[in-house]
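Subject: Structure for you to look at, with notes

Dear colleague,

Here is the structure I promised to pass on. Please open it beside these notes, which follow after it.

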Amino acid sequence: MLAARASSARNVQRIARSFATVVETTGVKVAAVDYNQPTTSVTVLVKAGSRFEPKDGVANALKNFAFKSTKTRSALGTVRESELYGGVLTSTLGREHLALTAEFLRGDAPYFVDVLTSFLTSAKFTRHEFEEYVVPLLAAETEAAAHDPATRAIDVAHTLAFRSGLGSSLFPPLHSDITVGDIKSFASTAFTKGNIAVIGTGIDSSTLSSLVEKALANASAGSAASAPASKYFGGETRLEGHAGPQTAFIGFGTTGGSSAELAALAAHLSPAPSVKWSKGLSPLSSLPEGTSVQPVYLPYSDASLFGLLVQGSTSAGVTEAGKAAVSALKAAAQGIKEEELKAAVGKAKFAAASAADTRDGLVNALSSKIFSDSVTSLESTLSALDNVSASAFSKAASSLLNAKPTYVTVGDSKLPFADELGL
Amino acid sequence: MFGPLGYSLAPYIRSSRTLTNWITPIANWYANAMGYRKYGFKYDDLLIEENDQVQRALNRLTPREQYDRAFRLKRASQASVLHAPLAKEEWTPASEDVRYLAPHVKDILKEEQERKLWDNTVVERK
C-alpha cells in the first residue's frame, strides 16, 4: 500500500517534468527526455517539410535520400554498420518537418548521432543513387498513396484548404521532373543550423548536446526558414477511387496554432468506444451498418485542419453517415451539455497524456514546440483542456462552420455533394 | 592485367614533375599513334564493356553522354566499313579525350570491394 503510494507520487513528479527543456548549442536546439528506458532514440528535425519545398515532391525526394552515401560512409556502410549495432533508421516527412530518426541501444549514441548528422553536413546526393534507389521509392510511395482513399482525401483537402504552403502534397507527382540538382539545392537551403533541432529520448540532455555540438560544428549557419503565413480557403472536389471504401472528407480550417477547444471537439465527436463491444455514447455512435466516421484534427504551427472522415462500403451509406456527422457538428455548435463536455475533455486529456507515454507521441509533442522555444509541459496541455468551457467549445465549433467547408469525395459519382449533406 | 583499367604507372609519373615533363610528349605521341582518335573515339570507348561492372557504369552516364557514346561507336563502324579514317576535322582533339567512364567503373569496383568486406567482416566486442 505504502509502496504503491510512493510510486504514484514519483509518477506525478515525472509527469511534471516530462517535457524536456530546450537547450541551444551552437545555434541548434536540443531537447532530451530520459526515463531510463532500455533504448535510446534520437530524432533530427529539419524545417524541410513539403510546406517549404520549391518544386512539387522535392521534400519527399529529400526524405527518401536520407541515409545514402555521405563523405564519411557509403549507403551500404550505413546499413551494414547500423545492423551490427542493432539500430533502426527511419525518415519521415510531415508538412512542416523532415524527421530523421535512429533508435538504438543505450551507449551507441556517438555512432548514430554521426550517421544522422553526416547526412546534414556531407551528403553526396549522387545522380546514380537517385536513379537506382530514390526514384523507385518515389514511384512506390505515390502509388501506395493513390490506393488509400483516406490518405488521398486528406492530402487533397489540404490543397483545397490552404492552396500553397501547407497545401502542397506530401507525395511526389506520378510523372515528376525532379533532378538531383533540385534536391541538392533544397537541401543546401534547408540544412542550416537555425533550421535544425534534435530531440532525444532515453538519453541525457548534456550528452546529447555535446555530441550534437561536435557533429554539427561545421554545419552552415543560417536562420530558420520562414514560409508565408497560412490562409484558409476551402472548396469542394470529387476524385474517382480505384479501390477501397467510398470516402468523403468534410473539413474546416482555422488559422492560428493548436487549440484545446478543437481537441475537445474531436474527442466529443469520436465514436471510438471506451469499452469493447459497446457502441459508445458519442453523438456519432449510431451510424448505419458498414460506415464509419472518424474525426481528424491536424494542428500545424500557424493553422489547423479539423475534419470528419466518412467512409463506407456504399455511397448511400456514406450519404447517411455524412448527414449524421454534419448534424452532430451543428448540434455541437448550438451548445453542449455540461456532462458531455466533461466526458469529451476527459477523453481528450487521456489521448494527450497517453500519447506522451509513447516515444512517437513524445517526439510529436516536442516537435511542434521546439522551434518556437515555448516547450510547454504536459501539465499545461492538460490544464488548457480543463479550462475549456461550454461556451468556448460551441463558439469554436460554430466559427468552424461559418467558414467555407473543404469537401472531398473519393469514390463513386453517386457520393453526396456538400450541399446535400447540409453544409 | 592490361588495358584501360589495368595497373598504371601514371599516378607515380604525375607525382614527379621531372618525370612528367619527360614523359608527357611521349605519351601524347603514343596516344595519337594508337589511331583511335582518327576514328573519332575517346580512350574510354575502348574499355571492354562485356562485364557487369562496366554495364552498370554505362547506366550511370548522363543521357547526353550515353547518346554521344553511341554516336561515336556508329560513326567509327561506318568508317571501318569504308576502310578509311574520318575527315581530319572529325578527329577527337586531345582536349576532348577525357576519361568519362573510368571514374564510374572505379566507383563500382570500390562498391563491390566494400560489399565483400562487409559480407566477410568479423565483429569483435571491445
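I begin with strand β11 (residues 406-410) of chain A, which is mostly covered, five of its five residues being buried; a residue is called buried if 20 or more other C-beta atoms lie within 10 Å of its own, exposed if 12 or fewer, and partly exposed in between, with C-beta atoms placed from the backbone. Before going further, please keep in mind that this is a predicted model, in which local features need pLDDT of at least 70 and side-chain atom pairs count only at pLDDT 80 or more, while totals for chains, interfaces and linings use all residues. Residues are numbered from 1 along each chain as its sequence is written, and chains are lettered from A and ligands numbered from 1 in the order in which they are written. Helices (H or I, at least four residues) and strands (E, at least two) are DSSP runs, numbered from the N terminus.

In a regular strand the side chains alternate between the two faces of the sheet. In β11(A), A:Thr406, A:Val408 and A:Val410 point one way, whereas A:Tyr407 and A:Thr409 point the other way, and all are buried. Strand β11(A) pairs with strand β7 (residues 235-239) of chain A in the parallel sense over five bridges, and here A:Val410 is the bridge partner of A:Leu239. Five bridges also join β11(A) to strand β8 (residues 246-255) of chain A, this time running antiparallel, with A:Thr406 as the bridge partner of A:Gly251. Two strands are said to pair if DSSP finds at least two bridges between them.

Elsewhere in chain A there is an open sheet of six strands in the order β1-β2-β6-β3-β5-β4, with mixed pairing. Its edge strands are β1 (22-25) and β4 (88-93) of chain A, each of which pairs on one side only. Strand β4(A) and strand β5 (residues 98-105) of chain A pair in the antiparallel sense over six bridges, and the bridge partner of A:Val88 in β5(A) is A:Glu103.

Turning to helices, the axes of helix α9 (residues 260-269) and helix α14 (residues 390-402) of chain A come within 9 Å and cross at roughly 85°; axes are lines fitted to C-alpha atoms, for helices over the stretch in contact, and angles run from 0 to 180 degrees between N-to-C directions. The two helices α9(A) and α14(A) are therefore roughly perpendicular to each other, a term used for 65 to 115 degrees, where under 35 is roughly parallel, over 145 roughly antiparallel and the rest oblique. In this contact, A:Glu261, A:Leu262, A:Ala264 and A:Leu265 of α9(A) meet A:Ala392, A:Phe393, A:Ala396 and A:Ala397 of α14(A), contact meaning that the C-beta atoms of two residues, placed from the backbone, lie within 7 Å.

As for A:Asp360, this residue is found in helix α12 (residues 359-370) of chain A, and A:Asp360 counts as partly exposed because it has 13 C-beta neighbours inside 10 Å. A:Asp360 and A:Ala99 are 261 residues apart in sequence and 11 Å apart in space, C-alpha to C-alpha.

Finally, the contact between the chains takes six residues from chain A and six residues from chain B. On the side of chain A that touches chain B, the largest share, four residues, comes from helix α3 (residues 75-85) of chain A.

Best wishes
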